[in-house]
Amino acid sequence: MNIKESVLDVLMYLYENYVEQEFADSANYDTLRVELVGAGFPEEEVNHAFAWLNDLAERRDNLVNPASGSIRMYSSAERARIGPESQGFLLYLEQLGLLGPQGRELVIDRLMSIEDDVDIERVKWVVLLVLISQPGTEDALAQVEEMVYYDGEFLH
């Protein structure tokens, strides 16, 4: 599999090369699709990436907000995809106040929807994509960006 063939790779490219308003607005999809295919991404993966973004927006708007302070129990399917290190990272972000319960649920939902193997780096990217889609998360987004781009350690 070519490095540019996964949905998450397309999403990471969008995040790094476009402002959120450009890739969050479905009116721009045709223009972005041409640019992404021109950059070497398979059209099928580009289409999947836009569907992923649309699903994120739909789920964000329709997700029931879990009770504050509740403890998240992962299903067996979630545990099989999202390992202990990634679960710990999500809990750490919650404890720091960088990711709320609704954001956590969106991250878990979006991780479960990708076909890629879920490792800590992919979790960080999905967290970024979820945070950028939520208003009022600019500070959290900046801190998680630092973890992604500067390989910031989250456990000391």
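Buried means under 20% relative accessible area, exposed over 50%, and partly exposed in between, with a 1.4 Å probe and protein chains only. The model is predicted: local features need pLDDT of at least 70, side-chain atom pairs count only at pLDDT 80 or more, and totals for chains, interfaces and linings use all residues. Residues are numbered from 1 along each chain as its sequence is written, and side-chain values use heavy atoms, with hydrogens and water left out.

**Helix 9**

- Helix 9 comprises residues 138-149; helices are DSSP runs of H or I with at least four residues, numbered from the N terminus.
- Its buried residues are Ala-140, Leu-141, Val-144, Met-147 and Val-148.
- These buried residues of helix 9 fall within an arc of 120° seen down the axis, so they line one face of the helix; the arc is taken from the directions from the helix axis to the C-beta atoms.
- On the other side of helix 9, Glu-138 and Asp-139 are exposed.

**Aromatic cluster**

- Tyr-15, Trp-125 and Tyr-149 form one aromatic cluster; rings of Phe, Tyr and Trp (its six-membered ring) pair if their centres lie within 6.5 Å, with planes under 30 degrees apart counted as stacked, over 60 as edge-to-face and the rest as tilted.
- Tyr-15 and Trp-125 pair edge-to-face, at 5.7 Å centre to centre and 85° between the planes.
- Tyr-15 lies in helix 1 and Trp-125 in helix 8, so this pair ties together parts that are 110 residues apart in sequence.
- Trp-125 counts as buried because its relative accessibility is 8%.
- Tyr-149 counts as partly exposed because its relative accessibility is 38%.

Definitions and conventions
Helix = DSSP H or I, 4+ residues; strand = E, 2+ residues; numbered from the N terminus. Expected span 1.5 Å × (residues − 1).
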